[in-house]
Amino acid sequence: MQAEQEIIDRLCEKFPFLNSRIHVQRQKRIFTGHLIKEEFEQVIRYLHDEMGFYKANHVVGTDEGENLGFIYLLTNKEGIILALKEIAPKSDPKINSMTGMYPSLERHERELVDLFGAEVQGLPEGPSYPLPDGWPKGNYPLRKEWKPEYFDKNTMTYNPPVNDNDKGKH
Amino acid sequence: MDENKERMESRVNAENKESREGTEGMDSKENRKNQERNRVVIPIGPQHPSLKEPSSFTITLEGEKVVDAVVGIGYVHRGLEKACESRTYIQNLYLIERVCGICSHTHSTAFCQGIEELAGITIPRRAAYIRVIVAELERLHSHLLWLGVAAHEIGFDTLFMYSWRDREKVLDILAEICGNRVNYGINTIGGVRRDIDSEMMQNILKMADYLQEQLKYYLDLVMTDQTLSARLVGIGKLSYEEALKFGVVGPVARAAGIMDDIRIIEPYAAYGEIPVKPVTDTHADVFGRTVVRIKEMLESLEIIRFSVKNIPDGDIAVKAPKRVPAGEVISRTEAPRGENIHYIRSNGTDMPDRVRVRAPSQANWQGMRHMLQGQYLADVPITIAAIDPCYSCTDRAIIVNSESSTEVMDWQGLRQYSIDWYKKRGIDVSQVKIPERKLYV
């Protein structure tokens, strides 16, 4: 796992804030901790421009309680996957689109918008994906507080119990 | 073949030159206005634009040439990932298997090996070999299905019927091994659920011999038939650089010369012990994708023969815990359509915290707009079909009847329904006599 360690060493040297926040999980897998927007963007640009991570496989959105997590999976020529994590608060879930560097991410970032309610700035224009046109605003089905049992698909409305009213809506 | 190829390439080059000259000549503002006035926007779909699955294509045409295409997908998104979060790992195994009807095994393999990695389980070698055999049989039937669909799209229905006839042989073997033609249910967390006995092994080898001859014939056909090359060469171009840029995977990437095969890059199951030869091509068009898929099937037969010959004796599964330790994992397999990635996060309970499936079609859609631009409208269906799009993969669907009631209709019931449907709209076809027939009794 020398190649993986070399990548980590080089990144830590360039970005001291990554120290102890990046590790080799197993062969061909590197995971980072959650980075804030500014840190994340510096690292992903460096990985793309200088370190040969030419391909972005996809983005996984996660619900981190008060925050939203975004895991960008990047691959280099040796097939090493680096899972670079970004975090943004649910109260202000703004992130920048990475489609400028990685056009392959377009549809995955649209999913973050529809399913997690992230505000991805700089996404190219195009049809929304994957929720249908009549989907009620403010309903983000992959957030943990959104429960499928409260959604009425005939009227396309979300009806949580009264004491649960604020949950699931943003 | 070489003569054919040269002829086709010169045709394509001449056309490109023509279109370039056409564009250069249109420099003045008035010409550009005229050009825009001549554009026609055609919405195609979402009902069955190419394959029998829903997606919409808004195609902008100039004459018969496509100048832009907007791809709309997502019609069969059913929230499968959300459903996974409220089910146990074993229940999810069956749910995940139904992500796709064609490549169900690759999804359940990716899911199982992810859970096994989280739980620290090593599966028995025999189980790993059985996973490989079923995976390659799945690749065979998926590619044969594709070959038939592609042939149908260009009006070559004889090849479509030949190819689907041969696919039945593979499905028969899969049914013999797994008890089912699709959704095999062979994988379980910790190994596989059914063993393959020596009689089945012999049947697999017999099928492989039969298929070998057929596939050689198809390869020869594709390489020499003038009609096929006229319809396939130079269509749906996606160069090496463009394929890298759009992040396409599987046969679409390999047809552009990119060696992208998870079986080789990151061997899983028993692929580490089995020689897998990479299949690539440099045509970077629909023709290349066809050649790659046929050659891959021949390679699959070699892998199956090797596995049957070298499969070790022993158990087929180990016991797996119901609760999985907290952690996260990225599991990859090579599906018939390309790289399939599952991300699973566990929280120490018997249900996952997050499951994310990135099926290969989701990656391949990205280059579609580019592939369609500059094509003739008539080539749109084959260009779409050539990425072997799997809508259910992309949308991660389970097919459910969303109406309030579900009923299974027989032939007569279906006929009555259509008669009533037309009657309501003022057309009475109830007096039309059709001969009695029995269908699927």
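A crossing of two helices is left-handed if the near helix is turned anticlockwise from the far one by less than a right angle, and right-handed if clockwise. The views below show a predicted model, in which local features need pLDDT of at least 70, side-chain atom pairs count only at pLDDT 80 or more, and totals for chains, interfaces and linings use all residues. Residues are numbered from 1 along each chain as its sequence is written, and side-chain values use heavy atoms, without hydrogens and water.

**View 1. Helix 8 and helix 13 of chain B cross in a left-handed manner.** Helices are DSSP runs (H or I, at least four residues), numbered from the N terminus. Helix 8 (residues 198-224) and helix 13 (residues 286-310) of chain B pack at an angle of about 160°, with their axes 10 Å apart; axes are lines fitted to C-alpha atoms over the stretch in contact, and angles run from 0 to 180 degrees between N-to-C directions. Helix 8 of chain B is therefore roughly antiparallel to helix 13 of chain B (angles over 145 degrees).

**View 2. Chain A meets chain B.** The contact (heavy atoms within 4.5 Å) takes 40 residues from chain A and 38 from chain B. About 3300 Å² is buried between the chains, 49% of it from carbon and sulfur atoms; buried area is the accessible area (1.4 Å probe) lost by two parts on being put together, summed over both.

**View 3. Asp353(B) and Lys144(A) form a salt bridge.** Their side chains meet at 3.3 Å, N to O (a side-chain nitrogen of Lys or Arg within 4 Å of a carboxyl oxygen of Asp or Glu). Between chain A and chain B the count is ten salt bridges.

Notes. Chains lettered and ligands numbered in written order. Helix = DSSP H or I, 4+ residues; strand = E, 2+ residues; numbered from the N terminus. Parallel < 35°, antiparallel > 145°, perpendicular 65-115°, else oblique.
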